[in-house]
Amino acid sequence: MYNSPFMMLPGISPQEFSYLQTTTTGFNEQQLNGFLMIYYSKRRSPDDMILYCVLSFFVPGLQRFLVNQIGMGILYFFTAGLCFIGTIIDMVNYKTLAFEYNQKMVFESLQLVKMGTITQ
């Protein structure tokens, strides 16, 4: 576990670590490096997500826009984070918000690697 390339990801949780290990089983070193390169650029750290949630008190919906939930971001923007109740809920559930977004980014990164668009 400690010598895994996934450990370089900032703020990685055990849940995300095990998810990444199971999805990349059978990858050779080149595919794994390509996957990590793509995933690292798309991933949202839970530590950053809590910062986005705090900033969303000043820019409502920021955290939702950053996880590609545009509809919810617009709703939060025009309702001041659903009167800040939605923003507070997002602050409590920031790890879940980040993990769900990262799961989508794992899928996208895997598709790019499997299509062979990454060569070194």
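Me: Which residues have the most contacts inside the largest nonpolar core?

Reply: A nonpolar core is a set of buried Ala, Val, Leu, Ile, Met, Phe, Trp, Tyr and Cys residues joined through side-chain atoms within 4.5 Å; buried means under 20% relative accessible area, exposed over 50%, partly exposed in between (1.4 Å probe, protein chains only). Here the core has 23 residues, and Phe6, Leu20, Phe35, Tyr39 and Met49 have the most contacts inside it. One thing to know: this is a predicted model, where local features need pLDDT of at least 70, side-chain atom pairs count only at pLDDT 80 or more, and totals for chains, interfaces and linings use all residues. Residues are numbered from 1 along each chain as its sequence is written, and side-chain values use heavy atoms, with hydrogens and water left out.

Me: What covers the buried residues of α8?

Reply: Among the covering elements are α1, α2, α3, α4 and α7. The buried residues of α8 include Asn102, Met105, Val106 and Ser109.

Me: Where is Val59, and is it buried or partly exposed?

Reply: Look in the loop between α3 and α4. Val59 counts as partly exposed because its relative accessibility is 44%.

Key: Helix = DSSP H or I, 4+ residues; strand = E, 2+ residues; numbered from the N terminus. Contact = heavy atoms within 4.5 Å.
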